[in-house]
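I opened this model to look up a few spots worth a second glance. Here are my notes, in the order I made them.

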Amino acid sequence: MAQTLTEFDTIAAISTPIGEGGISIVRMSGEDAVKIANKVFKGANLTEVSTHTIHYGHIVDPESKKVIDEAMVTVLRAPKTFTREDIVEVNCHGGIVVTNHILQLLLANGARMADPGEFTKRAFVNGRIDLTQAESVMDIVRAKTDKARQVAVGQLAGGLLEKIRAMRKEILDTLANVEVNIDYPEYDADQITADQMAKTSKDVIAEIDKLLNTAQEGTILRNGLATAIVGQPNVGKSSLLNYLTKSDKAIVTDVAGTTRDTLEEYVSVKGVPLKLIDTAGIHHTEDKVEKIGVERSQKALQQADLVLLLLDGSKNLADEDKALIEETKNKKRIIILNKMDIGQKLNVQEMKKLTNSEVISTSILKQVNLDELENLIKKLFFSGITNSNDQILVTNQRQSGLLAKAKKQLEDVISAVEDGVPVDIAQIDFNGAWDTLGEITGDSAPDELINALFSQFCLGK
């Protein structure tokens with residue numbers, strides 16, 4: 001990736017959330033970071049201190065000579081830093097005014113305001129990390145569960161990078177033999193080379209398939225699973241939301257129809273991040289406000305990845321229950337027969353046969369079988385992944401899209417070989433797969449893609 005002149009500037013940004021707190025950190029990176037910090041710091045000569053040391057003193061405005069704040073300043077010298085450049089971090093008191101004042105001082109004395117994600121981008125440009133590791137940095141920041149954090153930490157250690165580069169090496173080794181055959185046609189080894197390309201393509205496709213099979217789990221861990229809680233009014237939807245969120249977010253009464261809109265909440269259920277949507281009871285109504293709520297509920301149902309369908313297990317199925325079962329038949333769902341504490345008219349085994357779905361009896365009011373419900377949610381989406389933090393997971397659409405593209409290119413190579421297409425023609429897609437896999441790690445990614453990716457990062461990261 002070509003570097004522009006601005007990528008050699010010394011950059012600065014606030015790396016902690018803006019607001020009141022115990023501490024704030026203002027970070028700089030670049031060849032002038034230490035020199036700029038030394039202009040505004042009184043307590044030690046930062047140009048003479050050892051690397052990876054922290055120093056007590058005060059931040060002082062060089063012009064007015066006024067003390068801005070008491071601070072601890074960390075000096076980290078290249079190349080053993082996150083960006084592989086000199087880094088200075090000013091640890092000051094956590095107030096909005098003082099933190100911004102220190103940032104403005106650094107900018108006034110030679111630093112440039114960092115673009116979003118520019119610290120991580122410099123780590124990539126300087127060879128410290130690849131694109132999959134850069135994406136894992138944001139995954140760590142945005143992790144909604146401990147398991148999501150563990151997977152992101154594994155990616156940061158380079159698990160996916162190693163896997164992708166191993167596949168690229170396998171392709172490259174075969175390409176070397178292809179080039180020899182093209183350069184020395186007198187050896188007449190076309191068929192041997194073609195067969196080797198086909199075999200390598202099949203081997204790499206097998207590895208790609210293993211990664212693509214993790215994409216659903218990886219996406220769930222990264223973004224959360226859109227989960228709609230649906231059912232007739234007063235069946236226990238809001239009570240289930242309150243249980244899972246451990247709060248009283250929804251109003252719970254014995255009056256039917258108290259939820260007139262959709263309520264959303266992120267929760268972790270056995271390590272599975274759920275974006276819970278508590279919907280208004282889906283039923284026929286002439287009430288204008290309730291109608292809006294029902295319409296929004298139906299929209300949430302269409303967009304859901306998982307449906308928790310609550311039925312009143314103490315009553316026989318009503319027509320509206322049957323309509324909901326039919327409406328959700330193509331969704332991943334768990335049918336919950338609630339109110340088992342007052343008797344059950346609906347049978348779990350019969351409902352399983354009727355709906356071809358996971359079915360469980362509960363009493364949300366008495367909190368019976370709710371832990372089993374959580375285990376069922378976990379089982380439904382993580383069966384086959386016994387310890388996700390030990391797995392190499394594909395965690396976003398960019399990665400899975402490029403893997404799918406590389407797979408298609410390799411399938412085209414196999415088809416070309418089987419059809420007797422000349423080796424140098426079949427090689428085009430073989431080369432294309434090598435480049436496509438390189439886009440995942442950034443080894444062959446275009447500048448536009450890299451800039452777009454890092455623009456999604458927060459300032460100071």
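**Helix pair**

I began with helix H14 (residues 397-418) and helix H15 (residues 423-441), whose axes come within 8 Å and cross at roughly 165°. Axes here are lines fitted to C-alpha atoms, for helices over the stretch in contact, with angles from 0 to 180 degrees between N-to-C directions. H14 and H15 are therefore roughly antiparallel (angles over 145 degrees count as such). I noted their crossing as left-handed, meaning the near helix is turned anticlockwise from the far one by less than a right angle.

**Ground rules**

I am reading a predicted model, where local features need pLDDT of at least 70, side-chain atom pairs count only at pLDDT 80 or more, and totals for chains, interfaces and linings use all residues. Residues are numbered from 1 along each chain as its sequence is written, and side-chain values use heavy atoms, without hydrogens and water.

**Covered helices**

Next I looked up helix H9 (residues 237-245), where eight of nine residues are buried (under 20% relative accessible area, 1.4 Å probe, protein chains only). Among them are Leu240, Leu241 and Tyr243. Just after H9, I found Lys246 with a positive phi of about 55°.

Helix H3 (residues 118-125) is mostly covered too, with seven of its eight residues buried. The buried ones include Glu118, Lys121 and Arg122. Gly127 follows H3 and has a positive phi, near 80°.

**A loop residue**

Which loop holds Ile18? I traced Ile18 to the one between strand S1 (11-14) and strand S2 (21-29). Ile18 is exposed, at 55% relative accessible area, the cut-off being over 50%.

Definitions and conventions: Helix = DSSP H or I, 4+ residues; strand = E, 2+ residues; numbered from the N terminus. Parallel < 35°, antiparallel > 145°, perpendicular 65-115°, else oblique.
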